[in-house]
Amino acid sequence: MAGIAKDAAELALMEAARRVLPAGGFGNFAADIVVAEGQGGHVRDVSGHDYIDYLLGSGPMFIGHNHPAVTEAVLAQIPKGTTFFANSEPGIRLAEAIVDAVACADQVRFVSSGSEADAYAMRLARAVSGKPKIVKFEGGYHGMSDWGMMSLAPKRLANFPEAVPDSPGIPDAIRNEVLVAPFNDIEAAVRLIEAHQDEIGGVIMEPFQRLIPPRPGFLAAIREVTARLSIPLIFDEVVTGFRFAYGGAQEYYGVTPDICTLGKIIGGGFPLAAVAGRAGMMRHFDRAAVGEDRFLTQVGTLSGNPVAAVAGLATLAVLREPGAYQGVFATGRSLMDGLTGLIAEAGIPAQVVGDAVMFDVVYAEGDLRDYRAIFRQDAAMQKHVNGVLRGRGILKGDSKYYLSTAHTAQDVAQTLDAFRTALASLPATRRVA
């Protein structure tokens, strides 16, 4: 990472990681940084270098690192116990807060990760409908289960509705039970759902897919066809829940699914996620309500644990404060506008894609409406720019800026200055004539 020197302590940790961790890391992010601490919208590595943090732990730190309200709540809970494998008041109160906030949520079942939540949501949809197949949208991310790892980021672009496994080790039988549709194509998606209606157990989608906003009418069209054909519709709101609005993307876009999954923000930086949905569907988690044959077993050692629950409750309380969303959206739009201006000034074939709380620069021209459009971007240019940004103290994922309520106008200015440097370092052959 050019421009950032490592001290002996961080180099020793990186060497230890290479010995005991595959590829020297946790499988999440580049292994060439060891983070020591975070505060607000910044993190510091073991060598003492400060970074503006747009990674945000892959999204959960929406109100920043070490927020005093969250820290106080967690420190108060720990002496009382960290997990019980039984109901606790914090978990019950968090479920109440989710039900109050989220349009589709009559009831909540907690798990520990977004991958779990998505896997259970798909199983719930199949249990409710009695049908085996799941429809997903190409490029949509729904966790690490065999079902979720279909056509997330395929290197081979297959004909719809063929699913392409994103990992070895997934049985062909699973691939045959997943149908893939193009995002933002109303006609193609509706036609696929109607054609396979007798075998579709559920439709799962990110209402805002990775970086790509839904086109006007797209979510409503999927809602209409699934409701008309009595197919459960799942919104994967692990990322968008409580981020786009207090009621999530379903509030932001005005479309309500039957089931949604939540994660990241609701755990306040601790492992916690949830399946939420209509009471008539959630009753399948209740043996007494549906009987042994239709009962959906779900058990998790840390599900709803009180430490994560109090962190989530404290985070949601902060987000209910006046101006919380207006502030983060204003900061994000300022950064988006600045990046767009610098791209135009430099004559780079790129554009900013996303919305104010979650976006990135995509190094491609034209209409970026789906995975296949994003797929054709100049990956080498993206990697180069991201590397320069890291060297200038800007920490972000390979393909996303996450904004937090803790980011400031000074952070935006410093980021734009680093981005200007990154664009200037690109070879002239990368520029638009």
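Student: What volume does the second largest pocket have?

Tutor: About 630 Å³. Keep in mind that this is a predicted model.

Student: What makes this a pocket rather than a cavity?

Tutor: A pocket is an open set of points, whereas from a cavity the 1.4 Å probe cannot get out. The second largest pocket is lined by 25 residues. N87, R109, F110, Q298 and S303 lie nearest its centre.

Student: Which strand gives the most to that lining?

Tutor: β4, with 4 residues. Both α3 (89–101) and β4 (107–111) supply at least two residues each. By class, the lining divides into 12 nonpolar, 11 polar and 2 charged residues.

Student: Why is the F242 and Y246 pair called edge-to-face?

Tutor: Their ring centres are 5.0 Å apart, and the limit for a pair is 6.5 Å. Their planes stand at 85°, and over 60 degrees counts as edge-to-face. So the pair is edge-to-face. F242 and Y246 are both buried.

Student: What makes Y252 and Y253 an edge-to-face pair?

Tutor: The centres are 5.1 Å apart and the planes meet at 75°, so this pair is edge-to-face as well.

Student: Why does Y253 count as partly exposed?

Tutor: Its relative accessibility is 25%. Buried needs under 20%, and exposed needs over 50%. Y253 falls in between, so it is partly exposed. Y252, at 32%, is partly exposed too.

Student: Which residues form a cluster with Y252 and Y253 through ring pairs?

Tutor: F208, F244 and F329 are linked with them. The whole structure holds 13 aromatic pairs.

Student: How do you know that K396 sits over the ring of Y401?

Tutor: Its charged end is 5.0 Å from the ring centre, and the distance limit is 6 Å. The charge must also lie within 35 degrees of the ring normal. K396 is assigned over the ring of Y401. R126 likewise lies over the face of W147, at 4.1 Å from the ring centre.

Student: What lines the largest cavity?

Tutor: K396 and Y401 are among the lining residues, along with D360, V361 and F419. The space is about 40 Å³. α14 (379–391) has the largest share of the lining, 4 residues. The lining divides into 6 nonpolar, 2 polar and 2 charged residues.

Student: How many cavities of 30 Å³ or more are there?

Tutor: The count is 2. The second largest cavity has a volume of about 30 Å³. Its lining includes F208, E206 and K400, and divides into 3 nonpolar, 1 polar and 3 charged residues.

Terms used
Residues are numbered from 1 along each chain as its sequence is written. This is a predicted model: local features need pLDDT of at least 70, side-chain atom pairs count only at pLDDT 80 or more; totals for chains, interfaces and linings use all residues. Side-chain values use heavy atoms; hydrogens and water are left out. Rings of Phe, Tyr and Trp (its six-membered ring) pair if their centres lie within 6.5 Å; planes under 30 degrees apart count as stacked, over 60 as edge-to-face and the rest as tilted. Buried means under 20% relative accessible area, exposed over 50%, partly exposed in between (1.4 Å probe, protein chains only). On a 1 Å grid over the protein atoms alone, a cavity is a set of points where a 1.4 Å probe fits but cannot get out, and a pocket is an open set with protein on both sides within 12 Å along at least five of seven lines; lining residues have an atom within 4 Å of a point. Grid points are joined across faces, edges and corners, and a volume is the space filled by probe spheres set on the points. Ala, Val, Leu, Ile, Met, Phe, Trp, Tyr, Cys and Pro count as nonpolar, Asp, Glu, Lys and Arg as charged, and the others, Gly among them, as polar.
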